[in-house]
Amino acid sequence: MNSPELSRRFYNEYGAKALEKRVDPAWTEAAVNELSGLIPPGSAVLDAGCGYGRIAIPLSRKGYDVTGIDVSEVLIRAAKEKSSRASFRVASMTDIPFPDNSFQAVIVMWSAFNELLHSREQKTAILELYRVLSPQGLLFIDSFTYSPASKEQIEAKERFGPENRISSGIAGAHYANPDFSHDRESYGRLLESAGIGIWEFSEGDFGGRSRQLVKIVKK
């Protein structure tokens, strides 16, 4: 089973309310404010892996033309019920249903990119996210901070896969929700394979939490 299908099955069962309970509203407010400082006002923005609209909806209230995509029908339904300003549809970031150069900014928030477990899926997603971005547009990927796997985690099979970067992820449904731990090196290899040579990586406070951020401006 591919990664988008794993995520779809998990979130369709886990549901929007359970996911929303895991979020401090202060994180959302801080993240939206920081994104507003990066993205020009009124821009067309794609939120890939938008979930129930946590970021997309408040961004739309700030005047952005926001479109959200997610693999989970349940989460997209919840997002549509919450907002009439933003546009939402079921789709994967590995197969984005929009023409080239459609958005001035593309954001992938709350570690959604980490749910792509295989290098081919990650590369496909990067190429798709970059494809729909307009020239001089901003691609912004937010992920959790990397920690190397411990001996205990490896022995317990809590971390596995290439370089022991895959972990079991969120618990709470019958289906697994594993994630892939990226760092500067793994992002570098991935972006080089996709032909993207200029990018920025930073690590620090974002949205009230310690996060890793990748920023790409399309040339």
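I looked up F113 and found it buried, at 0% relative accessibility; buried means under 20% relative accessible area, exposed over 50%, and partly exposed in between, with a 1.4 Å probe and protein chains only. This is a predicted model, in which local features need pLDDT of at least 70 and side-chain atom pairs count only at pLDDT 80 or more, while totals for chains, interfaces and linings use all residues. Residues are numbered from 1 along each chain as its sequence is written, and side-chain values use heavy atoms, with hydrogens and water left out.

Next I searched the whole structure for aromatic pairs and got six. Rings of Phe, Tyr and Trp (its six-membered ring) pair if their centres lie within 6.5 Å; planes under 30 degrees apart count as stacked, over 60 as edge-to-face and the rest as tilted.

I noted F10 and Y14 as a stacked pair, 4.9 Å centre to centre with 25° between the planes. They are four residues apart in helix 1 (residues 3-14), about one helical turn; helices (H or I, at least four residues) and strands (E, at least two) are DSSP runs, numbered from the N terminus. Both F10 and Y14 are buried.

I then returned to F113, whose ring centre is 6.4 Å from that of Y187, with the planes at 35°, so this pair is tilted. F113 lies in the loop between strand 4 (103-108) and helix 6 (119-131) and Y187 in helix 8 (residues 184-193), so the pair ties together parts 74 residues apart in sequence. Y187 is buried, with a relative accessible area of 1%.

Last, I recorded one aromatic cluster, formed by F10, Y11 and Y14.
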